[in-house]
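I record each look-up in the order in which I made it.

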Protein chains: 2
Amino acid sequence: MRKIKLTLAYDGTHFSGWQSQRHERTVQHAVETALAEIHKHPVALVGAGRTDAGVHATGQVAHFETDHPSLSGARFTDALNASLPHDVRVLESAEADPDFHARFKARRRVYRYYIYNTPIGLPHLRRYVWRVRRPLDLDALNRFAGLLVGDHDFTSFASALDPTENKVRTIGSSCFFRSGDLAVYQIAGISFLWKMVRTIVGTIIDCVVSGKDEAEFRRILLARDRGQAGPTAPARGLFLERVSYE
Amino acid sequence: MRKIKLTLAYDGTHFSGWQSQRHERTVQHAVETALAEIHKHPVALVGAGRTDAGVHATGQVAHFETDHPSLSGARFTDALNASLPHDVRVLESAEADPDFHARFKARRRVYRYYIYNTPIGLPHLRRYVWRVRRPLDLDALNRFAGLLVGDHDFTSFASALDPTENKVRTIGSSCFFRSGDLAVYQIAGISFLWKMVRTIVGTIIDCVVSGKDEAEFRRILLARDRGQAGPTAPARGLFLERVSYE
């Protein structure tokens, strides 16, 4: 058996997230269906990040094991794209080491959250941004965003349904930058809790808009109580940007 | 009666073009429906450019006459957006001179055509670009594009069904520029024939890909025969970018 690493992009709008669920259209299921067609038997796919319904990716990573007699690692790109639906594309495929694991060997995950900061939405962006009418001051946003760098218990920013016991996560970078009318939040870490990025974005926007200060934001973080944080920002603004390995 | 000028953006994907047609979902009909709701009687809308099915706009201009007792010109923006579907937005509304006419007084129309020039499509762009796998040389594209500046009979580049008698049009600028992986064609002129921009793009790409030279392109233009030109590029890459008035 050879191991193949895939880099994937998808438009999450019409997917019920990454992970296969009965009767739901998921990205994992779409790719596994294409893999089964090529192999003439079921093939299991493991993804680096289990993105939620409506969340997008430009650099999701996944792996599978193959007994295909002829296709080289790189050839899986075209073979899969030929049968995948148009809202998911394989950007790259390559042979990986036998001990490669898309999820457990990932050393850095980068997410981006796109906020379209204008009074009126642009129809072409509506599936890919969260529109916030009120003008946002980037420096104000970054005063909060910067507080998350380092090791913290992110219980306050995780879904109450997240099953992980240890909720300490290490954040390497957390900042907003501007790109035209977009305010883009980029956060990088080894791994994330369920709904963590969206709750961070929703809480930071809430703090800026309602005039809360950094002490209040720090208090929310230390409370380890989801009830203290702000609303979860909509899924459509979130992109899994890339995943890096050693 | 006051005259109101609207600037509109729309995602053309799910519209059968601008112009009202029986049983079809059109942009004109969507805006006229919203206007009728506000006015409690039918209101006719005149657009600057009758974009085709699937063609987008970020700066379409339109006008209507209003007898509304209270709404100021600027207030129509929010009033219309409150009832318009999400794939069309009013970006601006303002009172116009009584002799303003969105179509007949337009002095410059700017179209952009977006070509995503990569081996693999990005799912999020699929509704808004034409993907051309083969790497395109911008200088080569511009050698053809530049030949269209000035006054020419564009019969070769118009739909055979275009009803206009005089097919001479004045092109102010015509060029390709690069923006990341996108090759963007921008063309500006007073007015355009039916399917003219898409046929120009399709023909230029065809010439570059099949190694035709400028003499051949000039021959196509002078032939005044649609049969001599290349294929019509897909609607989804075309945007009506803006319309200017004196």
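**Entry 1: a salt bridge within chain B.** I looked up R2(B) and E95(B) in this predicted model and found that their side chains meet in a salt bridge, with an N to O distance of 3.3 Å. R2(B) belongs to strand 1 of chain B and E95(B) to strand 4 of chain B, so the pair ties together parts that are 93 residues apart in sequence. I then checked accessibility. R2(B) has a relative accessible area of 24% and is partly exposed; E95(B), at 44%, is also partly exposed.

**Entry 2: another pair in chain B.** I noted a salt bridge between the side chains of E246(B) and R107(B), at 3.0 Å from N to O. E246(B) lies in the segment after strand 10 (238-245) of chain B, while R107(B) lies in strand 5 (residues 106-116), so this pair ties together parts that are 139 residues apart in sequence. Is E246(B) buried or exposed? I found it exposed, because its relative accessible area is 85% and the cut-off for exposed is over 50%. R107(B) is partly exposed, at 38%.

**Entry 3: a pair in chain A.** I found the side chains of D206(A) and K212(A) joined in a salt bridge of 3.3 Å, N to O. D206(A) is partly exposed at 28% relative accessible area, and K212(A) is partly exposed at 33%. Over all chains, I recorded 23 salt bridges in the structure.

**Entry 4: the interface.** How many salt bridges does the rule find across the interface of chain B and chain A? I recorded four. One side-chain pair that I looked up was R127(B) with D11(A), which meet in a salt bridge at 3.6 Å, N to O. D11(A), R126(B) and R127(B) are linked in a network of salt bridges. I also recorded six residue pairs in polar contact between the chains.

**Entry 5: a buried alanine.** I located A158(B) in the loop between strand 7 (150-153) and strand 8 (168-179) of chain B. A158(B) counts as buried because its relative accessible area is 1%, where the cut-off is under 20%. Leaving aside neighbours within four places in sequence, I found A158(B) in contact with K167(B), L193(B), W194(B) and R226(B).

Terms used: Residues are numbered from 1 along each chain as its sequence is written. Chains are lettered from A and ligands numbered from 1 in the order in which they are written. This is a predicted model: local features need pLDDT of at least 70, side-chain atom pairs count only at pLDDT 80 or more; totals for chains, interfaces and linings use all residues. Side-chain values use heavy atoms; hydrogens and water are left out. Helices (H or I, at least four residues) and strands (E, at least two) are DSSP runs, numbered from the N terminus. Buried means under 20% relative accessible area, exposed over 50%, partly exposed in between (1.4 Å probe, protein chains only). Contact means heavy atoms within 4.5 Å. A polar contact is a pair of N or O atoms within 3.5 Å; within protein, one must be able to donate a hydrogen and the other to accept it, and residues adjacent in sequence count only if both atoms are side-chain atoms.
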